[in-house]
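Work through the exercises below with the sequence and the 3D view at hand. Each task is followed by a solution in steps.

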Amino acid sequence: MTVSAAADAKPPAQSSPAASASTSMPRRRPTHDASASKLHEIYDEMRTRQRKAIEKAGTMRSDPFFVPDAELNGTGLVPADALSGDVSTDDRRCLAVSSVIDDSVDCHWTDAFHDLQRRLKEEFSPYGLAFSQHPPPVGAGQLHWTLIQLVGFPDYDTEVLLKQSGDAATSTASTANDGTNQSAFLSPEYLDCVQDSLTVGGLDTGIHIRYAGVVLVATGLLMVGVPSLDINAARDVVRNRLSDNNLPLKEPFVNDIVHSTLYRVAGDSAGMPKDLHIRLMKLAKEFENVNLGTVVLNKFQIGPASWRVLSHEMEATPPARKWELPVETPSESFNENLLNERGYTVSGASGAKLAKELRQVLSRQTSEIDDRKGQVVVDSGPPFMRPLSSSRVEDSQEGNMDSPGKKLSQNTAGVGMDEMKNVHEEVRERIDTLNVRDSIPQACPAKVEEDANTSGSKQDSAATISGSAGLALAQELQKKLMEEQRALDRMYYTDFY
């Protein structure tokens, strides 16, 4: 199933004073407009469905493995199983392509983001874990972004852990089962396919993500964003190329959003207030479409990942592949160098002085062209039919018998360079004069109207599914209602990593 389905329009801009940036925004890459529009629609639909699912259940869905942050203060323990008392580190894992949002990441958070983090810590720490860029030594979670899960948490032990060759016992068991001692998910062929697919899909440079609001799900609060490229297209490239190469994929759900977990409900649900879900829904509504900030992610990894992505957990199961992308595209780097080094100006002039200098250079080049002798320009016919450069006519009778070497010696190096520049400018001018639009075949208006009418009639005929009425119609509606209820149940029990 997909995380959500598309619905209405892009939300209006947030005008809350809390959304103003606390620091000046960086020169950032614009969002991918088409992708951003679809994502905003998905988030609207997702909020509606998740709210219905939570209201239907009447409670949040807690992860009993963890001890809430507030219960760990002063104990010296790490979050672990609150029911059994086991204080060992969480060893549950999935296999994912992810990026950790830590101190090394270029983050530009708004005041609204810091306010939301404060509210979660002060009001909800007794009931769960707060995720941040700088998590404390005890409790909480590390802020991160998961691009795609290759193996979900339920399947990780079977598909990855038991097939790793690092442990002799598990290696022997795995060999007995299928004759191999390494998971296909960790093979160089698999890792290369995933990384190359992302590059082909457009992730060849650091991705800019603008977090544009939050969504409350059954397990906690997600921060959702819009990226600088169509990330769903990149995900589809990964899925398609894995399939084409007969390589496995065990996604727990088809991820079609851009999200980072901000808060996860944890601990024994029996001891939580009955109105916890209502309080979280009010908080989510307050920050629903608020600009929370922008991050630039260029460090990615493929490997095991825990729920909290804490550093000691990730070190215990290191990634199988890590890579770093350039922060800027080649064109962005080139333009930045021009601004910093003034690469096109010899003297470093700017403003009015630069304009004066350019006028002088252009005037001097024009005078040199006009001073040339024997220049003949054919100016007839369409612009693209004219010769690209003028021909020089020798006025001397003896010149007709000169050798090619002698003729070459009569042209100076400076004139040759000017000729090359003139040809370049002449080509550009003539391309600009072409009216390409007139040469493109245009569709017949009558045909367009006919196609539109045909399409409309097809839509009209497809508006009803069965044409049933009376008792049959009531039964059909009842069936649709039951399907909707089952969809809400599936949504409630979806784990967002």
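A residue counts as buried when its relative accessible area is under 20%. The model used here is predicted.

**Exercise 1.** State what share of the residues in the protein chain is buried, and describe the chain's accessible surface.

Solution. Start with the cut-off: under 20% relative accessible area. By that criterion, 38% of the 497 residues in the protein chain are buried. Next take the surface: its accessible area is about 27,900 Å², and carbon and sulfur atoms account for 54% of that.

**Exercise 2.** Count the helices and strands, then find how many of the contacts between residues at least 6 apart join residues at least 24 apart.

Solution. The protein chain has 14 helices and 13 strands. Of the contacts between residues at least 6 apart in sequence, 79% link residues at least 24 apart.

**Exercise 3.** Give the strand order of the seven-stranded open sheet and identify its edges.

Solution. Read across the sheet: β2-β9-β6-β7-β8-β3-β4, with mixed pairing.

**Exercise 4.** Which strands do helices α1 and α2 lie across?

Solution. Take α1 (residues 33-57): this helix lies across β6 (207-217) and β7 (220-227), at about 20° to β6. Then take α2 (residues 111-124): this helix lies across β2, β3 (128-132), β6, β7 and β8 (259-265), at about 20° to β8.

Terms used:
Residues are numbered from 1 along each chain as its sequence is written. This is a predicted model: local features need pLDDT of at least 70, side-chain atom pairs count only at pLDDT 80 or more; totals for chains, interfaces and linings use all residues. Side-chain values use heavy atoms; hydrogens and water are left out. Two strands pair if DSSP finds at least two bridges between them. Helices (H or I, at least four residues) and strands (E, at least two) are DSSP runs, numbered from the N terminus. Contact means heavy atoms within 4.5 Å. Axes are lines fitted to C-alpha atoms, for helices over the stretch in contact, and angles run from 0 to 180 degrees between N-to-C directions. Buried means under 20% relative accessible area, exposed over 50%, partly exposed in between (1.4 Å probe, protein chains only). Accessible areas come from the Shrake-Rupley method with a 1.4 Å probe; for residues, only the protein chains shown count as cover.
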